[in-house]
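Hi everyone, thanks for coming. Let me put one chain up on the screen and walk you through it.

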Amino acid sequence: MKNFPPEFLDLLKDETKAFLFLATSMADGSPQVTPIWFNTDDNYILINTNEGRTKDRNMKARPKVALVIQDPKDVYRYIGIRGEVVEHTTQGADEHINQLALKYDNEPWKYREGQKRIIFKIKPTHFDKHN
């Protein structure tokens with residue numbers, strides 16, 4: 001991923017299986033935090049959720065977010081990220097959640113009746129390194 005601190009690139013690798021902790025803002029300004037699966041492309045952190053969930057509603061209304069990716073092998077090593085949602089789409093979202101399920105659970109995603117998956121692209125704007 002471009003512009004990501006090189007000493008933390010290992011946390012983005014599939015085999016690391018690091019979780020991302022996503023902080024969004026509720027309408028009243030209070031924080032909401034969720035551990036979540038993720039991956040990246042060349043420019044963005046990609047997350048996937050079901051439309052209608054709290055984080056979905058929050059990111060659509062208030063696109064500034066905070067993230068932490070913690071090293072599963074050393075809990076005191078993590079990177080804090082501030083960023084902004086720059087795009088969201090349902091196109092390809094079922095395939096994306098399947099990729100994430102294979103990464104984290106080593107098995108295909110099991111569709112749940114009534115779910116409509118959505119991908120959020122988050123552009124990192126600031127990094128806080130802790131190691």
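Before going on, a word on the model. This is a predicted model, in which local features need pLDDT of at least 70 and side-chain atom pairs count only at pLDDT 80 or more, while totals for chains, interfaces and linings use all residues. Residues are numbered from 1 along each chain as its sequence is written, and side-chain values use heavy atoms, with hydrogens and water left out.

Back to our lysine. Lys 103 sits in helix α2; helices (H or I, at least four residues) and strands (E, at least two) are DSSP runs, numbered from the N terminus. Leaving out residues up to four places away in sequence, Lys 103 touches Leu 12, Lys 13, Asp 14, Lys 17, Phe 38 and Asn 39, contact being heavy atoms within 4.5 Å. Take Asp 14: 89 residues separate it from Lys 103 in sequence, yet the two are 6.1 Å apart in space, C-alpha to C-alpha.

Now the fold as a whole. The protein chain has two helices and seven strands, and along the sequence they follow the pattern β-β-β-β-α-β-β-α-β. The radius of gyration is 14 Å, close to the 14 Å that the globule rule gives for 131 residues, so the chain is as compact as a globular protein of that length. That radius is taken over C-alpha atoms, and the rule is 2.2 Å times the number of residues to the power 0.38. Of the 131 residues, 38% count as buried. Among contacts with a separation of 6 or more, 70% come from residues 24 or more positions apart.

So what is inside? The largest nonpolar core has 26 residues, and Leu 22, Phe 38, Ile 47 and Ile 69 touch the most other members. By nonpolar core I mean a set of buried Ala, Val, Leu, Ile, Met, Phe, Trp, Tyr and Cys residues joined through side-chain atoms within 4.5 Å. At least two residues each come from β1 (20-25), β4 (45-50), β5 (64-71), β6 (74-89), α2 (93-105) and β7 (117-130). Helix α2 gives the most, with four residues. Phe 38 is worth a click: beyond four places in sequence, its contacts include Leu 20, Ile 47, Ile 69, Leu 100 and our friend Lys 103.

Another one to find is Thr 49, in strand β4. At 0% relative accessibility, Thr 49 counts as buried. Again not counting residues up to four places away, Thr 49 touches Lys 55, Asp 56, Lys 116, Arg 117, Ile 118 and Phe 120.

Finally, some backbone. Most residues other than glycine have a negative phi. Which value does Asn 106 have for phi? It is positive, about 60°, although Asn 106 is not a glycine. Asn 106 is in the loop between α2 and β7 and is exposed, with a relative accessible area of 59%. Glu 107 lies in that loop between α2 and β7 too, but counts as partly exposed at 37% relative accessibility. Asn 3, in the segment before β1, also has a positive phi, of about 65°. Thanks, and over to you!

Notes: Buried means under 20% relative accessible area, exposed over 50%, partly exposed in between (1.4 Å probe, protein chains only).
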